[in-house]
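Subject: Structure for you to look at

Hello,

Here is the structure I said I would pass on. My notes on what was found in it follow below.

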Amino acid sequence: RDPAYAKAYVALANAYSTVELGYRGITAEDRIGLARGAIERALEIDPELGAAYSARAINRCFIEWKFAEAERDYRK
């Protein structure tokens, strides 16, 4: 309802990130892209939103295996 509500994008990203791997409605690659897009939109709206950095860190760490980038987001 409110396209400028950054926390909604974080929640959407978390939903995409935690969908069970066996879910047949969307591919893993699509999930990653959708989660990444939602996180980036949240950060465009609110560059200081800690929840967005946390969501991005979780994705980078556990889905993309980008540990150094994840650590930077966790610290932010």
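A crossing of two helices is called left-handed if the near helix is turned anticlockwise from the far one by less than a right angle, and right-handed if clockwise. By that definition, helix 2 and helix 3 cross in a left-handed way. Please keep in mind throughout that this is a predicted model.

Helix 2 with helix 3

The axes of these two helices, helix 2 and helix 3, come within 9 Å, and the crossing angle is roughly 155°. Angles over 145 degrees count as roughly antiparallel, and helix 2 and helix 3 are therefore roughly antiparallel to each other. On the helix 2 side the contact uses A35, I39, E40, A42 and L43, and these meet A52, Y53, A55, R56 and N59 of helix 3. Sorted by class, the contact of helix 2 with helix 3 has 7 nonpolar residues, 1 polar and 2 charged.

Helix 1 with helix 3

Helix 1 packs on helix 3 at an angle of about 15°, and their axes are 10 Å apart. Helix 1 and helix 3 are therefore roughly parallel to each other. Their crossing is left-handed. V10, N14 and S17 of helix 1 meet A51, A52, A55 and N59 of helix 3. The contact of helix 1 with helix 3 divides into 4 nonpolar and 3 polar residues, with no charged ones.

Helix 3 with helix 4

Helix 4 covers residues 67-75 and packs on helix 3 at an angle of about 160°, with the two axes 8 Å apart. Helix 3 and helix 4 are therefore roughly antiparallel to each other, and their crossing is left-handed. From helix 3 the contact takes Y53, R56, A57, I58, R60, C61 and F62, and from helix 4 it takes F67, E69, A70, D73 and Y74. In the contact of helix 3 with helix 4 there are 8 nonpolar residues, no polar ones and 4 charged ones.

The core

The largest nonpolar core has 12 residues: A6, V10, A13, A35, A38, I39, A42, L43, L49, A52, Y53 and A55. The elements that give two or more residues to this core are helix 1 (6-18), helix 2 (28-45) and helix 3 (50-62). Helix 2 gives the most to this core, with 5 residues.

Leaving out residues up to four places away in sequence, A35 touches A13, Y16, S17 and N59.

N59 is in helix 3. Is N59 buried or exposed? Its relative accessibility is 6%, so N59 counts as buried. With residues up to four places away in sequence again left out, N59 touches S17, A35, I39 and E64.

W65 lies in the loop between helix 3 and helix 4. Most residues other than glycine have a negative phi. W65 is not a glycine, yet it has a positive phi of about 60°. At 58% relative accessibility, W65 counts as exposed.

Regards

How values were computed
Residues numbered from 1 in each chain as written. Predicted model: local features only at pLDDT ≥ 70, side-chain atom pairs only at ≥ 80, totals over all residues. Heavy atoms only, no water. Core = buried A, V, L, I, M, F, W, Y, C linked by side-chain atoms within 4.5 Å. Buried < 20%, exposed > 50% of the residue type's maximum accessible area, 1.4 Å probe, protein only. Helix = DSSP H or I, 4+ residues; strand = E, 2+ residues; numbered from the N terminus. Contact = heavy atoms within 4.5 Å. Axes fitted to C-alpha atoms, helices over the stretch in contact; angles between N-to-C directions. Parallel < 35°, antiparallel > 145°, perpendicular 65-115°, else oblique. Nonpolar A, V, L, I, M, F, W, Y, C, P; charged D, E, K, R; others polar.
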